[in-house]
Amino acid sequence: MSKKLIAFYSRAGENYVNGMLKTLDVGNTEVAAGMIKELTGADVFKIEQIQDYPKSYNECIAQAQSDQKRDARPELKAYPDSIDEYDTIYLGYPNYWSTMPMAVFTFLEHFDFSGKTIKPFCTHEGSGMGSSESDIKRLCPKAKVEKGLAIHGGSVNRARKDIEKWI
């Protein structure tokens with residue numbers, strides 16, 4: 001059996017869920033990552049920025065959008081020691097303006113994903129995968145990037161069957 005890793009970025013705090021602002025104790029992407037962990041037994045790594053985004057949704061999106069426009073690469077708190085032992089990486093993130101948060105770009109550029117299978121999954125409030133799959137392919141040209149799973153954030157707690165099918 002091949003070794004698997006779930007690497008994900010998720011944000012708790014004030015989020016946009018089903019058309020309104022709601023405070024989440026656990027981010028939607030982390031909820032999905034937990035389901036994948038239960039189903040696969042994969043190791044888990046949470047991608048975290050040194051400088052967290054503000055807890056306020058509106059302040060967060062302003063900062064995240066600014067980072068995207070500047071093509072920023074936020075510093076991360078930590079990295080796995082190595083990804084050499086992993087054949088499959090489940091890569092999770094919320095959709096930020098049609099792609100991944102810039103911290104996920106930082107993570108992907110840190111490692112050589114040659115020969116790895118990347119299975120992207122994202123949470124969103126209506127925008128699906130956006131251009132994130134093509135962005136991953138561009139950043140990791142020697143990896144096999146499989147079709148991603150887009151999970152509606154407001155329905156993440158009911159997404160287990162969709163996640164099982166996708167796995």
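Modeller: A charge sits over a ring if NZ of Lys or CZ of Arg is within 6 Å of the ring centre and within 35 degrees of the ring normal. This is a predicted model, where local features need pLDDT of at least 70 and side-chain atom pairs count only at pLDDT 80 or more, while totals for chains, interfaces and linings use all residues. Residues are numbered from 1 along each chain as its sequence is written, and side-chain values use heavy atoms, with hydrogens and water left out.

Colleague: Over the ring of which residue does the charged end of Lys119 sit?

Modeller: Over that of Trp166, with 5.0 Å to the ring centre.

Colleague: How is a pair of aromatic rings described?

Modeller: By the distance of the centres and the angle of the planes. Rings of Phe, Tyr and Trp (its six-membered ring) pair if their centres lie within 6.5 Å; planes under 30 degrees apart are stacked, over 60 edge-to-face, and the rest tilted. The structure has 10 such pairs. In one of them, Phe107 and Phe111 are edge-to-face, 5.4 Å centre to centre with 65 degrees between the planes.

Colleague: Is Phe107 buried or exposed?

Modeller: Buried means under 20% relative accessible area, exposed over 50%, and partly exposed in between (1.4 Å probe, protein chains only). Phe107 is buried at 0%, and Phe111 is buried at 15%.

Colleague: What does Met129 touch?

Modeller: Contact means heavy atoms within 4.5 Å. Not counting residues up to four places away in sequence, Met129 touches several residues, including Tyr93, Pro120, Cys122 and Leu149. Met129 is buried, with a relative accessible area of 10%.
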